[in-house]
Amino acid sequence: MNHKRRKKKQKGAKMVVKVYGPDYASPKRVILCLIEKEIDYETVDVDLFKGEHMSPQYLKLQPFGVLPVIEDGDYKLYESRAIIRYYAEKYRSQGSELLGKTIEERGLIEQWLDVEAHIFQPPLYDLVVQLLINPKTGVASDPKRIQEDEEKLTKTLDVYEERLSVSKYLASDTFSLADLSHVPFSNYLMTTLKKEYLIRDRKNVSRWWDDISSRPSWKKVLELHPPVL
């Protein structure tokens, strides 16, 4: 694992957070949040294709061998959505407000974070495995699973289209963690998966994607940490 300094002094930041695995989508979710919250960070490369996520050194930090994990002084935390919730709350008065202004808005943010985690991402993640990872590792892809994954995403994005017809963002008219959490994996649809039509065929989803993917924070993530897939 290689340590890389990706540090830009941000106003009001308290310390430098260490993020493992910046090349991949889930760690990018964390980095995107840190940039929105103006929190300094550095990165440690973890090569999944070389099995570095299963090394004894990494397993001491993340016993399940999954990316990402962060170190913040003596504090360690894994699971990307837990991490972004933690920093959005800890530094609530700093950078972008990502948790809403009312308890009702916070409830909707949590709702859509769960939708993203349990309904939206699973078929999209499997598409990444089937179409991007398997060819790199010599594993045969399953056409039936690819078709089923796309069908699931189609139904999910139809629900998004309806929701985004009455709300600028998923939880409210303000950008939040609910939107942020979608960005890294959705980027695969628009790029290497070549399935941008799933976004572009839906007017409101397309408008939403153009908005959230054009934020300076995401442009900075892509500039500093280009995807490997």
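Helices here are DSSP runs of H or I with at least four residues, and strands are runs of E with at least two, numbered from the N terminus. Just after helix α4, G138 adopts a positive phi of about 80°. The model is predicted, so that local features need pLDDT of at least 70 and side-chain atom pairs count only at pLDDT 80 or more, while totals for chains, interfaces and linings use all residues. Residues are numbered from 1 along each chain as its sequence is written, and side-chain values use heavy atoms, leaving out hydrogens and water.

Helix α4 itself covers residues 103-137 and bends by about 55° at Q121, with a proline, P122, following within four residues; the bend is the angle between axes fitted to the seven residues ending at a residue and the seven starting there.

How do α4 and its partner α5 cross? The axes of α4 and α5 (residues 143-163) come within 9 Å and cross at roughly 150°, where axes are lines fitted to C-alpha atoms, for helices over the stretch in contact, and angles run from 0 to 180 degrees between N-to-C directions. The two helices are therefore roughly antiparallel, a term for angles over 145 degrees, whereas under 35 counts as roughly parallel, 65 to 115 as roughly perpendicular and the rest as oblique.

Helix α5 also packs against α9 (residues 203-213), at an angle of about 80° and with the axes 7 Å apart, which makes α5 roughly perpendicular to α9. Here L157, Y160 and E161 of α5 meet K203, N204, V205 and W208 of α9, contact meaning heavy atoms within 4.5 Å.
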